[in-house]
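Reader: I am new to this structure. Can you show me how to read it, one feature at a time?

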Amino acid sequence: MNSNQNELQHEEYDHHGLAHVMPVKLLVGVFSLLIFLTIITVLLAQVPLGPWEVWVSLGVATVKATLVCLYFMHLRYDRTFNGFIFLSSIFFVALFLALTLMDLNGPRVPLSGIE
Amino acid sequence: MVMASTTEEQDHHGHGHVAHHFDSAQQQFDAGKLGMWLFLITEILFFSGLFVAYAVYRVNHPEVFIDARQHLNTSLGALNTVVLLFSSLTMAWAVRAAQLGQHKLLSNLIILTLLCASVFLGIKSIEYSHKWGEGLLWAGAYTYGSEELVEQDKSAAKLAATAVLGAPAALIAVVSGAILVFWRKRLSSVVRTLVAVALGMGAIYFVGVGIGIIVEVLTHSSVSHEPGDHSISQVAGEPGPGVFFSIYFTMTGVHALHILIGMGVMLWMLEKSLRFEYGPDYFGPVDFVGLYWHLVDLVWIYLFPLLYLIG
């Protein structure tokens, strides 16, 4: 059974190979890492970190997201263009967020009625 | 080329046909994947609107957010995170099973993913009904801390909300069960399996509800519920704590809607999987539905810390 699976995995680069096949060990390994990171982020939330809290939480979340994207969503083994499309959306989200937040901190001109 | 045959492979290995407008199966697969990724980035931008709303209100009213956060049960949120991560594992594994022509494993993994989604919704219903009972609702409906709410009223309200949220699952379970009991012989084995899965999903939803209740009772002491907790009561003229819950219910609600849609699509996919339509030649749909499901998981990976942990 194992040798058949290995045979099929090597075959994937022959004409039946529409895409790379993920090894089970890698899937389970990534899952374990994701669970570990979830525990870490919950524990870190108990530690008072002041203004760093947001960045630490988002940082751990981003590591988890990267794992999901690269391995569960297969981007590591995919055509590079798909990853590029994904990253381009992140760029626009960052733009959206940055410009909106900048607007919040900008100077306010009080509106007065027309006399 | 040698096709290794295992007992799981049967005699077909997924005869998806190549649509006439594609030159090859590879092109069909790549085009489908590209299409799904383009759809996913529209979903990312869609959710980003909600995330930016969160950021804006958080920057403007940090104290409201920090205080309101105390009313969210971190344990339930963390549990739901684990459930969704596990469902992502089963979904990614299902893609692998489809690629290798492991038909039975593929169907079982899709069913497992569906059951995880049911547990997620069951746990979520406990969170929602808890807030309904305490008056921790969206702007305009926020009544927490007001003197009118008595303990008995709160418990009754919680129970009512749990019942209302659980009604669809109960209906699905009862109807599926009835179909299996009375019409079993007239159904094909595929339809019978699908109805059994529907029954399972309805039942497992209540397992989620049960887990949610147990965890909520065990962690009750860590969530502050003093009636005199006026730190986040409504201040006239200012956006109050209701705004946090507007954002909370919208974000988690839209996310839950995506879970429901995903469940529907997965049932459609399960039907095809039970008919052995997926295999090394044709597994695109499994792959693409998997991508959608991982995106739903990704959104939650960010929702969890932003709503439950920061503050």
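Predicted model: local features only at pLDDT ≥ 70, side-chain atom pairs only at ≥ 80, totals over all residues.

Reader: Where do I start? How many helices and strands does chain A have?

Author: Start with the elements. Chain A has 4 helices and 0 strands. From the N terminus on, its elements read α-α-α-α. Buried residues make up 22% of its 115 residues.

Reader: And what are the elements of chain B, from the N terminus on?

Author: They run α-α-α-α-α-α-α-α. That is 8 helices and 0 strands. Chain B has 311 residues, and 41% of them count as buried.

Reader: How do I read contacts along chain B? What share of those with a separation of 6 or more comes from residues 24 or more positions apart?

Author: The share is 84%.

Reader: Let me look at one helix. How far does α3(A) reach from its first C-alpha to its last?

Author: It reaches 29 Å. α3(A) has 21 residues, and at 1.5 Å a residue 30 Å is expected. The two values are close. After the helix comes H74(A), with a positive phi near 75 degrees.

Reader: Which residues of α3(A) are buried?

Author: A residue counts as buried if 20 or more other C-beta atoms lie within 10 Å of its own. In α3(A) the buried residues are S57(A), V60(A), A61(A), K64(A), A65(A), V68(A), C69(A), Y71(A) and F72(A).

Reader: What covers these buried residues?

Author: Parts of both chains do. The cover includes α2 and α4 of chain A, together with α3 (74-99) and α8 (284-309) of chain B.

Reader: How do I read a pair of helices?

Author: Two packed helices are described by the angle between their axes and the distance between the axes. Take α1 (residues 25-60) of chain B and α8(B). Their axes come within 10 Å and cross at roughly 20 degrees. Angles under 35 degrees count as roughly parallel, so α1(B) is roughly parallel to α8(B). The crossing is right-handed.

Reader: Which residues make that contact?

Author: From α1(B), they include F29(B), M36(B), L40(B) and F47(B). From α8(B), they include F288(B), L291(B), L295(B) and V299(B). By class, the contact of α1(B) with α8(B) has 11 nonpolar, 3 polar and 3 charged residues.

Reader: Give me a second pair. At what angle do α6(B) and α7(B) pack?

Author: The angle between α6 (residues 189-218) and α7 (residues 241-274) of chain B is about 145 degrees. Their axes are 10 Å apart. α6(B) passes α7(B) in a right-handed crossing. V190(B), T193(B), L194(B) and V197(B) of α6(B) meet L267(B), L270(B), E271(B) and L274(B) of α7(B). This contact has 6 nonpolar, 1 polar and 1 charged residues.

Note on methods:
Residues numbered from 1 in each chain as written. Chains lettered and ligands numbered in written order. Helix = DSSP H or I, 4+ residues; strand = E, 2+ residues; numbered from the N terminus. Expected span 1.5 Å × (residues − 1). Buried ≥ 20, exposed ≤ 12 C-beta atoms within 10 Å, placed from the backbone. Contact = placed C-beta atoms within 7 Å. Axes fitted to C-alpha atoms, helices over the stretch in contact; angles between N-to-C directions. Parallel < 35°, antiparallel > 145°, perpendicular 65-115°, else oblique. Left-handed = near helix turned anticlockwise from the far one by under 90°. Nonpolar A, V, L, I, M, F, W, Y, C, P; charged D, E, K, R; others polar.
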